[in-house]
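Please open the model in your viewer and keep the selection tool ready. The stops below say what to pick and what can be found there.

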Amino acid sequence: MFITVQYNVTQSLDERAEQVNLYQYGPKDIATVFFYLLIAVILHALIQEYILDKMNRRLHLSKTKHSKFNESGQLAAFYLLSFIWGCSILTAEEFATNPTFLWEGYPHTHMVFQVKFFYICQIAYWLHALPELYFQKVRKEDIPRQLYYICLYVFHITGAYILNLHRLGLVLLVPHYLVELLFHASRLFYFSDENKQKGFTLWALLFVIARLLTLTLSVLTFGFGLPRAENQGFSLAKGNFNVLTIRMTCLAAICLTQAWMMWKFINFQLKKWREHSQSQASKKKAFSPKSKPHKKDLARVGSANGVVKSDDKTSPRARKAKAS
């Protein structure tokens, strides 16, 4: 129950005599998620000790950068693995080639092994991130920010899994993970060398494209696809949640999340733009040619050096000569 994927259903295709093993979800999945949550904690510790800590010793980062470097290192490894895994599933199942496949035949109560195991691992990873906030001794200032995106991941991925929207969820996760992978990889390069900032420009472009893609596919699925599906109604036994209230709730949750992400993105870009403009202004002041000094300043400088005559129109040498 803890290791293997539960709720196996064997089906035979009409055209061929082959039998296909498919899977459903149920309460026993909680035990499986808990087991892989522990596996995620162990993998997290291994990556931290044998990779990130060694890199931190070489870079000699400050405490703030040290915390962000560890966060980006862990997330970059996870996003890379999830992106490759998700692309392989999309290629095998042909989810991305035909958009109508996202809602045709709903409810999609049966999943292949790779899809179900993918969701189990996703939920387990984001749940393991909660105790890692304590294990990694994350700063109090960073805890609310990390809690926000951890809870959003758990909410959306679990919702897609329970509502039998795993096809849409998988298609939306893959491009999102690509964008996040690029951001955290760029941040890792930035911590190693502050001159390496070109990755953030590409990330900003792909971020906006990913948000538009997410909104487009969500509107197509919940606004046009599912309302025209054959199976309408609400049934827990059949796993059918194709009613107007649930469709609008899901669409509103996705739209609000995308709007919140765009708001954070715009604030981040404005902050960077202000910092860049201030640094450019300070550089211009430092390298600007000095203005010509006034006559009064020259008089002061000259008197200090003994060049300009004193008030009694006699130089120090002449006064010394008279005294002798």
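Select Tyr153, which counts as buried because its relative accessibility is 10%, where buried means under 20% relative accessible area, exposed over 50% and partly exposed in between, with a 1.4 Å probe and protein chains only. This is a predicted model, in which local features need pLDDT of at least 70 and side-chain atom pairs count only at pLDDT 80 or more, while totals for chains, interfaces and linings use all residues. Residues are numbered from 1 along each chain as its sequence is written, and side-chain values use heavy atoms, with hydrogens and water left out.

Tyr153 lies in helix H4, residues 143–162; helices (H or I, at least four residues) and strands (E, at least two) are DSSP runs numbered from the N terminus. Leaving aside residues up to four places away in sequence, Tyr153 touches Tyr79, Trp126, Thr158, His176, Tyr177 and Glu180, contact being heavy atoms within 4.5 Å. If you display C-alpha atoms, those of Tyr153 and Leu127 are separated by 9.2 Å, although the two residues are 26 apart along the chain.

Next, select Gln122 in helix H3, residues 113–135. Is Gln122 buried or exposed? Gln122 is buried, with a relative accessible area of 1%. The side chains of Gln122 and Ser82 are joined by a polar contact of 3.0 Å, a term for a pair of N or O atoms within 3.5 Å of which, within protein, one must be able to donate a hydrogen and the other to accept it, and for which residues adjacent in sequence count only if both atoms are side-chain atoms. Besides Ser82, the residues that Gln122 touches, not counting those up to four places away in sequence, include Phe78, Ile157 and Tyr177.

Now colour residues 73–92 and then 147–164, both of which the unreviewed UniProt entry annotates as "transmembrane region"; the positions are given in the numbering used here, feature names are shortened, and annotations may be inferred rather than shown by experiment. Residues 73–92 are 100% helix and 0% strand, with end C-alpha atoms 29 Å apart, and residues 147–164 are 89% helix and 0% strand, with end C-alpha atoms 26 Å apart.
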